[in-house]
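Here is a briefing on one structure. Read it with the model open beside the text.

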Number of protein chains: 2
Amino acid sequence: MSDRQPSLDEQIAIYQREYRDLDPQVERVVNALSRLDRRMSVAYGRQLATLGLSGAEWEVLKELVMVGSPYQLWPGTIAKRLGLTPAAMTHRIDRMLAAGLVTRERDEENRVRVIIGLTDDGREKWLQVMRQASAFEEYLLQDLSNEERAQLGDLLIRLLDRVSAHLD
Amino acid sequence: MSDRQPSLDEQIAIYQREYRDLDPQVERVVNALSRLDRRMSVAYGRQLATLGLSGAEWEVLKELVMVGSPYQLWPGTIAKRLGLTPAAMTHRIDRMLAAGLVTRERDEENRVRVIIGLTDDGREKWLQVMRQASAFEEYLLQDLSNEERAQLGDLLIRLLDRVSAHLD
DNA sequence: GCTTCGAAGTTTAGAGTTGAAGTCTTCAGC
DNA sequence: GCTGAAGACTTCAACTCTAAACTTCGAAGC
């Protein structure tokens with residue numbers, strides 16, 4: 001009963017032993033994909049931790065920067081984009097407010113609404129993360145030629161379009 | 001302030017606007033990867049829900065089936081493989097026990113240990129999930145030729161090896 | 001103008017996770 | 001064989017998320 005995870009090939013062999021009608025080539029793609037994503041998440045998580053940031057905080061910073069100056073969004077909008085409930089958003093903002101990453105004020109044009117803004121500290125944190133992340137991503141892909149990178153991107157996007165169609 | 005997520009290309013353009021030193025080709029691969037994995041997780045999650053199973057339960061069933069007959073593991077082993085703490089494992093097992101998916105008994109060879117076993121119901125659930133999942137995965141890849149599938153698998157595995165090396 | 005309905009956030013209760021402390025069992029040294 | 005240390009799981013408290021009830025504000029109908 002080893003504690004370590006079996007290698008990808010071992011795992012696929014095991015699946016086939018337990019369930020015969022399985023296309024090994026399909027499994028190879030799907031399982032490599034999910035393992036890769038999980039390990040990349042671990043790597044990103046460690047990087048964030050060195051900057052004293054949680055993954056949850058990073059997600060919110062990203063959305064705020066991506067709307068562009070003046071870096072403001074309503075909580076409901078962020079929640080929808082991140083796939084969270086409004087309640088979770090309220091609590092996240094509370095914590096980020098305490099950490100000095102964002103501001104929260106009433107929208108004077110429609111006082112039901114609230115406006116979340118990015119602080120200079122938040123903007124600076126975003127930049128630090130981007131620097132680390134892009135270095136890591138470059139390292140990750142350094143063995144792939146330009147052609148291979150393009151090819152990989154194309155193939156992934158074809159799958160992405162298909163799964164998106166499936167979800168609608 | 002649109003609620004919808006920007007398209008992949010839009011998103012990369014935005015990143016470049018906010019952070020100049022970014023390789024768009026690298027971003028395309030990395031972002032396609034994470035979007036694809038997230039959406040596939042949503043799709044799998046919906047399938048599991050139709051069988052009355054949670055993602056957490058599915059992970060545990062998978063580990064138990066993968067060790068092969070007689071489908072037994074120690075809690076600590078499952079926890080390590082899933083990247084969970086022992087405490088979380090205890091509670092998951094509690095719930096799965098109540099759902100009739102697994103059994104829990106003391107290991108008589110070493111009474112510190114506990115043995116988690118798969119019930120027939122658990123085994124049957126696993127099979128049902130596999131049938132649904134493999135149909136979905138085949139659908140997902142149906143546009144890709146055999147060569148493209150092999151290529152995609154190879155490229156992903158090269159990235160996987162690299163990120164694994166990075167994490168050690 | 002008053003009422004009612006809908007929209008946006010917040011609050012509250014419940015489920016699942018983590019980290020730390022606690023319990024029980026085994027094993028090595030004496 | 002007794003004692004202390006280490007290992008495996010459980011218990012407990014704190015945290016984060018979801019679902020649902022609640023509050024506040026704005027707009028439409030009469």
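**Aromatic pairs**

A search of the whole structure finds four aromatic pairs over all chains. Rings of Phe, Tyr and Trp (its six-membered ring) pair if their centres lie within 6.5 Å; planes under 30 degrees apart count as stacked, over 60 as edge-to-face and the rest as tilted. This is a predicted model: local features need pLDDT of at least 70, side-chain atom pairs count only at pLDDT 80 or more, and totals for chains, interfaces and linings use all residues. Residues are numbered from 1 along each chain as its sequence is written, chains are lettered from A and ligands numbered from 1 in the order in which they are written, and side-chain values use heavy atoms, with hydrogens and water left out.

- One of the pairs is Tyr44(A) with Phe136(A), edge-to-face, at 5.5 Å centre to centre and 80° between the planes.
- This pair links distant parts of the chain: Tyr44(A) is in helix H2 of chain A, Phe136(A) is in helix H6 of chain A, and they are 92 residues apart. Helices (H or I, at least four residues) and strands (E, at least two) are DSSP runs, numbered from the N terminus.
- Tyr44(A) is partly exposed, at 23% relative accessible area, whereas Phe136(A) is buried at 3%. Buried means under 20% relative accessible area, exposed over 50%, partly exposed in between (1.4 Å probe, protein chains only).
- Trp126(A) and Tyr19(B) also pair edge-to-face, because their ring centres are 6.4 Å apart and their planes are at 85°.
- That pair crosses between chains, from helix H6 of chain A to the loop between H1 and H2 of chain B.
- Trp126(A) is buried at 0% relative accessible area, and Tyr19(B) is buried at 9%.

**Around Phe136(A)**

- Gln47(A) is in helix H2 of chain A and is buried, at 18% relative accessibility.
- Gln47(A) touches Gln132(A), Ala133(A) and Phe136(A), not counting residues up to four places away in sequence. Contact means heavy atoms within 4.5 Å.

**Charges over rings**

- The charged end of Arg113(A) sits over the ring of Trp74(A), 4.0 Å from its centre.
- In chain B, Arg113(B) lies over the face of Trp74(B), at 3.9 Å from the ring centre.
- The rule requires NZ of Lys or CZ of Arg within 6 Å of the ring centre and within 35 degrees of the ring normal.

**Nonpolar core**

- The largest nonpolar core has 44 residues; among those with the most contacts inside it are Leu36(A), Leu152(A) and Leu156(B).
- Helices H1 (8-18), H2 (24-50), H6 (120-141) and H7 (146-167) of chain A and of chain B each give two or more residues to this core.
- Such a core is a set of buried Ala, Val, Leu, Ile, Met, Phe, Trp, Tyr and Cys residues joined through side-chain atoms within 4.5 Å.
- Leu36(A) touches Leu33(B), Leu156(B), Leu159(B), Leu160(B) and Val163(B), not counting residues up to four places away in sequence.

**Interface**

- 82 residues of chain B are in contact with 81 residues of chain A.
- The two chains bury about 8100 Å² between them, 64% of it on carbon and sulfur atoms. Buried area is the accessible area (1.4 Å probe) that two parts lose on being put together, summed over both.
- The rule finds 12 salt bridges across the interface of chain B and chain A. Each is a side-chain nitrogen of Lys or Arg within 4 Å of a carboxyl oxygen of Asp or Glu.
- Glu59(B) and Arg38(A) meet in a salt bridge through their side chains (3.5 Å, N to O).
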